[in-house]
Amino acid sequence: MPLRAALRLRRFFSTEPAPAPPKLRNLPYRLRHAAIPAGRAVVSEYLHATRCLPSSHADSIAAHSPRSLLAFLAALPAVPGSLPTSELPALLRRHLSFHPLNELPFFLESIGAPPHAAAEPRSSDVMFLADHPSLLAAVAALAHFGFPWSRLGLLYPAVLLGVPPDRISVRLAALEARLHRLPRAAIIAACLTFPSILEGDLSDGDPLVKDLSAAFRALGPDLGSSNDIDAFSGVCQRMRMFYDAGAEVGTIGALVGGSRWVFLELGKQRISERLRFFKELGMGGKELGRFLLSNAEVFHLDFSDLVISVPEYLRRVGLAKDEVDAAIKKHPYVVGKNLLENLPRVLRAMELEHRFLEKISTGGEHLRYLSTDFVLEDACYDAEVERAFMDGIAKVKADKKAEHVDGKLDFLKSVGYGENEMATRLIPVLHSTRDLLQERFDYLLERGVEYKMLCRILSVFPKVLNQGKEMLNEKLNYLTEELGYSLEYLNCFPAFLCFDLENRVKPRYAMLRWLREHGLLRRTLAPATVLANSEKRFITSLYLVHPAAPKVWLECFSSRARMEYYLENMFRQHPDNK
């Protein structure tokens, strides 16, 4: 395989960004092209003749490790420009005679293991494959069964290092007996997608194996005579997407027969979008797979270009008018046009996702609320809201670059904000890209901040999302661990996330701690009282506690540098430290 094609193949299968391949500046330009095939042949010969690997293993390792091969060639001493091309293999053999090859990077790259695998503790001290004989034996057992060499990395390290080779052979035989009449390609695809099958002994009622068997047999007319690993892998990967979304293992196989095209033709991106859409509406994982596969027509619907208007769309769906109006009054930022694909986040911001889910959870006719015909049937909207938005966005684009404005607007719409005047006021305050804003928003959700609370915080203090994840993490930890408040306190005082942690929050609380330790402060002050006051008012509050307190504050705690200096000297002067 040509080197460029091999590198493209490695990037295709890898899920991590690949570093740039090393340059062969140590080789004369006329030798660089010939060095690749010569190096591949010499490495294969070295692994077979010197390291006693089977020739098939040696050839596979050398053929599927283009990056390691380039690194090996780039590490050679400078080659004289007068060296004939015919003598290059001899030079490489001489080099390997005095500099043994580090075989592990070649091997791990050839099987498709992640780039960081060679740095793992149990791998970093292994230079020769012979030092880990069970690894080669496990690879031999899998390769003998028919596993593609370049995909064995999907089983590393859990199976290749964690399961004895003889147990691998026994479990493959047991799996083949359970899935009799199915080609080996089906078994190989199942093991590559679900390595847990090989990690433990199979039980008679293993739900995953039963699910796979039912799915493959339901797709029999399309896959039964096929021996294409990719075709079976596509089915397994789609099944895994449902499992990862929360579907119970053992419930998918029986539903495959009624929706074959979902597992054979439908793109995984569309499946992921629909799973996320209904999961965000609040549908439980156990019901999710059954609902979507029983109503497979929902996969035909395209939400990406359909525009809805809130609250008009929700009233047409049949949600109670009083309930919708009350939600709009409480969450005005959702008003205006938005995309149908953002509907779950709009409803979550309004706390109406479960009400909408009740409308469509029966499936069938009720899914028409998500159809193009229903959305376009009466595309009414509030003209006043639209006019205010258009005027506001025109002013913002006049001051900012249009592409940045559009990205920030797309972010706001993706979290539930509509096209309204409030959105146009938030856009100039946000100073990050759409991806970074989304990453920080998702991080706050992961930390436990409620969705409706986060949307409200964004409407009042959008600068919260201008901070990196590390800073947000420090502030949340200080609030919950140092001050002892729950995240629900942000609902009362969202501005906490906007104050400078090192120069405002920590110094003021260090001062209060000092007062409490000296018996001058007996009551606990809420963060809103401590932080929201200006410097002048804070000093006045300290004076009311004790006339000398402002002097201590200004000399010892008013800045991070003074606080650290004071605490360091206080520690040195403490009697216990003399």
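The expected span of a helix is 1.5 Å times one less than its number of residues. Keep that rule in hand for this predicted model. Helix H29 covers residues 469-482, which is 14 residues. From its first C-alpha to its last, H29 reaches 19 Å. That is close to the expected 20 Å.

Now look around H29. Which of its residues are buried? They are Leu 472, Lys 475, Leu 476, Tyr 478 and Leu 479. These residues lie on the same side of H29, because they cover an arc of only 155° around the axis. An α-helix has 3.6 residues a turn, so residues three or four places apart point the same way. Turn to the other side of H29, and you find Glu 470, Glu 481 and Glu 482 exposed. What covers the buried side? The cover over the buried residues of H29 includes helix H27 (434-446) and helix H30 (501-517). After H29 comes Gly 484, with a positive phi near 80°.

Next, move to a loop. Ser 371 sits between helix H22 (353-360) and helix H23 (372-377). Is Ser 371 buried or exposed? Its relative accessibility is 14%. Buried means under 20%, so Ser 371 counts as buried. A polar atom of the Ser 371 side chain lies 3.3 Å from the backbone nitrogen of Phe 374. Leaving aside neighbours within four places in sequence, Ser 371 is in contact with Leu 301 and Leu 306.

Leu 370 also touches Leu 301 and Leu 306. Not counting residues up to four places away in sequence, the contacts of Leu 370 also include Phe 277, Phe 278, Tyr 313 and Phe 356. The largest nonpolar core has 192 residues. Phe 278, Tyr 313 and Leu 370 have the most contacts inside that core.

Finally, step back to the whole protein. It has 34 helices and two strands. Its radius of gyration is 32 Å, well over the 25 Å that the globule rule gives for 578 residues, so the protein is more spread out than a compact globule. Along the principal axes, its C-alpha atoms fill a box of roughly 85 × 80 × 55 Å. How much of the protein is buried? Buried residues make up 48% of the 578. Of the contacts with a separation of 6 or more, 74% join residues 24 or more positions apart.

Note on methods:
Residues numbered from 1 in each chain as written. Predicted model: local features only at pLDDT ≥ 70, side-chain atom pairs only at ≥ 80, totals over all residues. Heavy atoms only, no water. Helix = DSSP H or I, 4+ residues; strand = E, 2+ residues; numbered from the N terminus. Buried < 20%, exposed > 50% of the residue type's maximum accessible area, 1.4 Å probe, protein only. Arc of directions from axis to C-beta. Contact = heavy atoms within 4.5 Å. Polar contact = N/O pair within 3.5 Å; in protein donor to acceptor, adjacent residues only side chain to side chain. Core = buried A, V, L, I, M, F, W, Y, C linked by side-chain atoms within 4.5 Å. Rg over C-alpha atoms; globule rule 2.2 N^0.38 Å.
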